[in-house]
Amino acid sequence: MRSATTSQLAALEYVILGLVHGPTYAYEMFQHFSQDLPLGMLWHLKQSHLYALLSQLEREGYVAASVASQGTRPPRRILRLTDQGYTALERWLTTPVKHGRDMRQEFLAKLYFTAQRGSEVVRALVAVQATATRRWRDEVQAQLDASTQPYRRLVLLYRLGQIDATLTWLEECTAIIY
């Protein structure tokens, strides 16, 4: 169990919550991680790892399962989001990532799920992320302006380049998705 101080889920756990769209089952979710599908481009996930994460999310109250019979085939566990899971997912989908390194997986996953909800939801996500990213840029620029050490300046210049590329990419997101 997560303690009150570590209650935040990992990005992959939020992705799993996003896949529990209406009643679903674990194998159906696992198929989304095929390498030729969008989430498979971001994460390589073994089926056993998915099942372990689902069990953890169920124990913590984010996901609930029921058993459905299938005639002569083994019964299937049908998964659904609980109110707690829905609330956590919605909060995650509307919150910008906190670090530039999280853009590659976490933000792209958020973009994947918000795109399924329409352009207004995507527009809102991109806007809050662009605002957060501009703040990162201002912070790094201030550090660069205050620094006289050559190596530190090089690192900060590199970070500025990455942040500027991210801002340009966010503008492209807006143009492509709408």
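This is a predicted model: local features need pLDDT of at least 70, side-chain atom pairs count only at pLDDT 80 or more; totals for chains, interfaces and linings use all residues.
Local features were taken at pLDDT of at least 70 and side-chain atom pairs at pLDDT 80 or more, while totals for chains, interfaces and linings use all residues. Residues are numbered from 1 along each chain as its sequence is written, and side-chain values use heavy atoms, with hydrogens and water left out.

Helices and strands are DSSP runs numbered from the N terminus (helices of H or I with at least four residues, strands of E with at least two). Strand S1 (residues 63-70) and strand S2 (residues 73-81) run antiparallel and are joined by seven bridges; two strands pair if DSSP finds at least two bridges between them. Alanine 65 has leucine 79 of S2 as its bridge partner. The two strands form a hairpin with two residues between them. In the turn, glycine 71 has a positive phi of about 70°.

A nonpolar core is a set of buried Ala, Val, Leu, Ile, Met, Phe, Trp, Tyr and Cys residues joined through side-chain atoms within 4.5 Å. Buried means under 20% relative accessible area, exposed over 50%, and partly exposed in between (1.4 Å probe, protein chains only). The largest nonpolar core comprises 29 residues, and Val15 and Leu17 have the most contacts inside it. Two or more residues each come from helix H1 (11-19), helix H2 (26-30), helix H3 (38-42), helix H4 (47-59), S2, helix H5 (83-93) and helix H6 (103-115). The greatest contribution is that of H1, which gives six residues. With neighbours within four places in sequence left aside, valine 15 is in contact with Phe33, Leu39, Trp43, Trp92, Ala109 and Phe113; contact means heavy atoms within 4.5 Å. Another core, of 17 residues, lies apart from the largest one, and Phe107, Leu111, Val122 and Leu125 are among its residues.

Helix H4 has 13 residues and reaches 18 Å from its first C-alpha to its last, close to the 18 Å expected at 1.5 Å a residue. The expected span of a helix is 1.5 Å times one less than its number of residues. Leu50, Leu53, Leu54 and Leu57 of H4 are buried. Seen down the axis of H4, the buried residues fall within an arc of 100°, so they line one face of the helix; the arc is that of the directions from the helix axis to the C-beta atoms. Ser48 and Arg59 are exposed, and are carried on the face turned away from the buried side of H4. The cover over the buried residues of H4 includes H1, H2, S1 and S2.

Helix H8 (residues 150-177) has 28 residues, which should span 40 Å at 1.5 Å a residue, and its end C-alpha atoms are 40 Å apart, in agreement. Its buried residues are Leu156, Leu160, Ile163, Thr166, Leu167, Leu170 and Cys173. H6 and helix H7 (119-146) are included in what covers the buried residues of H8.

The structure holds four aromatic pairs. Rings of Phe, Tyr and Trp (its six-membered ring) pair if their centres lie within 6.5 Å; planes under 30 degrees apart count as stacked, over 60 as edge-to-face and the rest as tilted. Tyrosine 14 and tryptophan 92 form a stacked pair, 5.2 Å centre to centre with 0° between the planes. Tyrosine 14 lies in helix H1 and tryptophan 92 in helix H5, so this pair ties together parts that are 78 residues apart in sequence. Both tyrosine 14 and tryptophan 92 are buried. The ring centres of tyrosine 112 and phenylalanine 113 are 5.1 Å apart and their planes are at 75°, so this pair is edge-to-face. Phenylalanine 113 is buried, with a relative accessible area of 5%.

Lysine 110 counts as buried at 1% relative accessibility, and glutamate 106 counts as buried at 15%. Residues up to four places away in sequence not being counted, lysine 110 touches Trp92, Leu93, Thr95, Pro96, Val97 and Leu125. On that basis, glutamate 106 touches Ala11, Trp43, Trp92 and Val97. In helix H5, threonine 87 is partly exposed, with a relative accessible area of 44%.
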